[in-house]
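This explanation goes through a helix pair and a disulfide in turn. Please keep the sequence and the model open while reading.

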Amino acid sequence: MRPIPHARRPLFGAAALLLVLTGCGAQLGEGTDTPVPAGANTALHDALPEPVRQAGVLRFAGDSHPPYRTVAADGSITGIDKDFQDALGQLLGVRTETIVVDSLPGALQGMLSNRYDAFNGPVKVTAEREKQFDTITWMTTRTSYVVPSNAPVPIPATDALCGKRVAVVTASVVEEQLRQLSAFCERAGRGAVQSIGLADTNATLLAAQSGRAEAAGMTQAAAIDVTAQQQGVYTYVTQTEEQGATADKLALYTSKASGLGPVLHQAFGELFNSGRYQEIMRKWGLDGVTVPRPEFNAGTPS
């Protein structure tokens with residue numbers, strides 16, 4: 001039985017949003033049933049909400065957040081998210097579109113207002129957010145802090161950030177972890193950490209490089225990518241459990257009202273079973289933050 005259809009609104013114009021199309025399988029016709037594209041899972045394709053299945057496209061919101069999404073000058077996107085979108089699109093028999101947004105709140109609100117179908121994070125799973133969204137956990141990570149190698153004051157460990165300024169993406173999991181580090185610093189009598197909230201990872205790195213902040217907070221996966229891509233320019237330190245760090249569950253988000261959550265959960269399960277999930281994570285050097293299986297709404301007590 002197919003889920004109840006939900007209304008879909010047209011995409012914003014190009015002047016407001018950057019639209020990047022990534023082809024995954026044959027394009028489906030609008031308004032009529034068409035054969036399932038070759039290579040797609042027929043059962044999963046047929047289980048898609050009717051408007052998604054008929055339009056033949058999944059619309060993903062995505063902010064600039066390497067290595068999850070790197071937006072080139074020509075508008076093309078590469079990264080973990082792109083690889084997973086391609087794999088999901090092929091499996092479901094639909095194309096995928098990435099619409100670049102400037103913040104996590106923008107992505108979340110856009111899904112609630114039906115401008116986007118999904119957002120692949122990195123977003124921490126929480127019971128509060130799961131009141132409005134279905135989540136599929138597909139990785140875990142800790143919080144790290146990237147520091148310019150030529151910083152006037154060395155940061156050999158995270159406790160050296162006590163009393164200093166750290167730039168983070170507003171409303172991100174890192175912002176929450178930084179509050180835990182700041183509390184640790186205050187308990188140790190070393191001064192709170194000043195949080196500087198910015199729109200995206202690039203902005204936080206610029207803040208650290210310009211001296212506006214002593215470090216840029218981000219997920220460990222992002223810190224690994226930044227320091228590998230710009231060797232010698234940055235180093236990073238990782239928050240410890242003593243400092244309030246947790247191994248956070250990061251997930252794909254989709255509005256509960258869309259009916260997509262259960263289908264995307266099953267699709268991720270197929271990627272795990274086929275080994276495609278492990279291939280993508282290994283490609284990006286993220287073997288250490290994989291999960292054994294995708295979890296559905298892991299933040300809500302059962």
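The paragraphs below start with the basis of the values, then take up the helix packing and the disulfide.

The model is predicted, with local features needing pLDDT of at least 70 and side-chain atom pairs counting only at pLDDT 80 or more, while totals for chains, interfaces and linings use all residues. Residues are numbered from 1 along each chain as its sequence is written, and side-chain values use heavy atoms, leaving out hydrogens and water.

Helix α3 spans residues 80-92 and helix α9 residues 276-283; helices are DSSP runs (H or I, at least four residues) numbered from the N terminus, and strands are runs of E of at least two. The two helices pack at an angle of about 160 degrees, with their axes 10 Å apart. That makes α3 roughly antiparallel to α9 (angles over 145 degrees, on a scale from 0 to 180 between N-to-C directions). From α3, residues I80, D83, F84 and A87 meet R276, Y277, I280, M281 and K283 of α9, contact being heavy atoms within 4.5 Å. The residues of this contact divide into 6 nonpolar, no polar and 3 charged, where Asp, Glu, Lys and Arg count as charged, Ala, Val, Leu, Ile, Met, Phe, Trp, Tyr, Cys and Pro as nonpolar, and the others, Gly among them, as polar.

Elsewhere, a disulfide joins C162 to C185, with an S to S distance of 2.0 Å; the criterion is a pair of cysteine sulfur atoms within 2.5 Å. C162 lies in the loop between β8 (143-148) and β9 (165-169), and C185 lies in helix α5 (residues 173-187), 23 residues apart. The torsion about the S-S bond of C162 and C185 is about -75 degrees, so the disulfide is left-handed. C162 is buried at 7% relative accessible area, and C185 is buried at 0% (buried means under 20%, with a 1.4 Å probe and protein chains only).

Key. Angles under 35 degrees count as roughly parallel, over 145 as roughly antiparallel, 65 to 115 as roughly perpendicular and the rest as oblique. Buried means under 20% relative accessible area, exposed over 50%, partly exposed in between (1.4 Å probe, protein chains only).
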